[in-house]
Amino acid sequence: MAEQVNHVDNEIKFVLHWIIYCPVMGKFRYHIYGNLMILNTNKRTPVKHGIVTALRRVISLALVFIFICFGFLTACTTNTTVQYADNPIAGRETLTQISTIDAILNGVYDGVVTYGVLKGYGDFGIGTFKALDGEMLAFDSVFYQIKADGIAYVVADEMETPFASMTFFDADYSGNLPQGLDFTQLQEYLDSILPSENEFYAIKIEGTFSYMKTRSVPAQEKPYPPLVEVTKNQPVFEFENVAGTLVGFRSPPYVAGVNVPGYHLHFLTADKKAGGHVLDFIIEQADVAIDYTADFMMILPGEGSDFYRIDLTPNKHEELEQAEK
Ligand SMILES: [Zn+2]
């Protein structure tokens with residue numbers, strides 16, 4: 001039988017104490033218990049060699065543990081934001097939508113993309129701003145913000161949107177609208193000339209209006225209230241004999257929860273100084289241009305957004321009627 005060369009001479013018990021502070025989950029205290037065998041080979045300075053080995057093992061263990069802790073801390077503190085590239089796929093016939101209307105009804109008003117990025121998805125559209133700071137409309141590649149003071153401002157590329165619908169506007173239909181139509185009658189009229197209620201349509205109406213009623217919304221602070229709470233105190237603006245442009249969409253009924261089914265229009269005066277989300281009007285004289293839009297693309301809020309936590313299962317139809325009409 002082979003003689004056992006090594007035998008255990010000493011045994012050191014050790015305890016490693018670690019205290020980790022994670023900003024999200026608080027303080028953790030870890031202990032590692034272990035035994036280090038110090039081997040004696042009955043040769044020269046075996047014990048000394050054993051202690052060096054033991055120290056090396058402690059240092060190695062400590063280093064491994066530090067790496068694990070560092071990874072854990074990084075995971076706790078990193079706030080992931082999604083970086084959207086310039087438009088990679090949306091074509092001129094694509095309606096690109098940021099987030100969902102029900103997310104807005106739930107008070108998810110954090111910015112999803114910048115307007116600089118949004119411009120890559122269209123030259124025409126409507127939406128809102130980070131913190132719900134007003135109503136947006138865009139046409140001919142110029143983006144406007146109608147704030148709660150009713151005044152229109154040109155939008156800077158660094159500003160962000162939590163909700164928007166955009167397309168590149170190419171008219172498939174152009175026509176003159178009958179005089180005297182109000183908002184409800186216009187919807188019935190357009191429904192009668194559109195080829196299907198199951199497509200998306202971008203709608204641009206330019207003309208004069210004997211009456212126009214719009215609203216905007218003031219910027220909100222966190223914790224953000226739901227949209228219906230905000231619109232209870234919305235500033236409303238009324239115009240008489242005003243010239244301007246209506247910009248918006250008719251979306252099919254099956255988009256309920258995703259976008260506004262039916263008509264959703266925003267208004268800008270011809271002098272580009274005022275406007276808002278359209279509540280009603282009476283047409284004096286106006287032309288309509290309609291872009292039939294068959295492709296649809298969505299960009300959802302990324303990881304870390306309130307969008308990840310809200311319950312989007314309830315039907316919000318009544319809240320939408322209250323907030324948008
Ligand atoms: Zn609107």
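Student: Let's start with the overall make-up: how many helices and strands does the secondary structure of this protein have?

Tutor: The secondary structure comes to 6 helices and 16 strands. Helices (H or I, at least four residues) and strands (E, at least two) are DSSP runs, numbered from the N terminus. Residue numbers start from 1 along each chain, as its sequence is written. This is a predicted model, so local features need pLDDT of at least 70 and side-chain atom pairs count only at pLDDT 80 or more, while totals for chains, interfaces and linings use all residues.

Student: What is the pLDDT of the protein on average?

Tutor: pLDDT is the predictor's confidence in each residue, from 0 to 100. Here the average is 84, and 76% of the residues score at least 70. Over residues 36–47 the pLDDT is below 50, and over residues 1–11 it stays under 50. Where pLDDT is low, the predicted coordinates should not be read in detail.

Student: Now the sheets. In what order do the strands of the open sheet of 7 strands lie?

Tutor: The general idea is that strands of a sheet pair through backbone hydrogen bonds, either parallel or antiparallel. Two strands count as paired if DSSP finds at least two bridges between them. In this structure the order is β8-β7-β6-β5-β10-β3-β16, with mixed pairing. The edge strands, β8 (152–154) and β16 (295–299), each pair on one side only.

Student: Which strands pair with β12?

Tutor: β15 (residues 275–293) runs antiparallel to β12, joined by 15 bridges, with Ala-202 opposite Asp-291 in β15. β13 (residues 236–251) also pairs with β12 in the antiparallel sense, over 14 bridges, and Lys-213 stands opposite Glu-238 in β13.

Student: How many residues does the largest nonpolar core have?

Tutor: Burial comes first: a residue is buried if 20 or more other C-beta atoms, placed from the backbone, lie within 10 Å of its own, exposed if 12 or fewer, and partly exposed in between. Of the 325 residues, 31% count as buried. A nonpolar core is a set of buried Ala, Val, Leu, Ile, Met, Phe, Trp, Tyr and Cys residues joined through C-beta atoms within 7 Å. The largest one has 61 residues, and those with the most contacts inside it are Phe-124, Met-136, Leu-137, Tyr-144 and Ile-203. Strand β12 (residues 200–215) supplies the largest share of this core, 7 residues.

Student: What is Met-136 in contact with?

Tutor: Two residues are in contact if their C-beta atoms, placed from the backbone, lie within 7 Å. Leaving aside neighbours within four places in sequence, the contacts of Met-136 include Ile-126, Phe-143, Val-155 and Ala-164.

Student: Are Ser-99 and Asp-140 buried or exposed?

Tutor: Ser-99 counts as buried because it has 26 C-beta neighbours inside 10 Å. Asp-140 has 10 such neighbours inside 10 Å, so Asp-140 counts as exposed. Finally, look at Pro-223, in the loop between β12 and α5 (227–231): the peptide bond from Lys-222 to Pro-223 is cis, with omega near 0 degrees.
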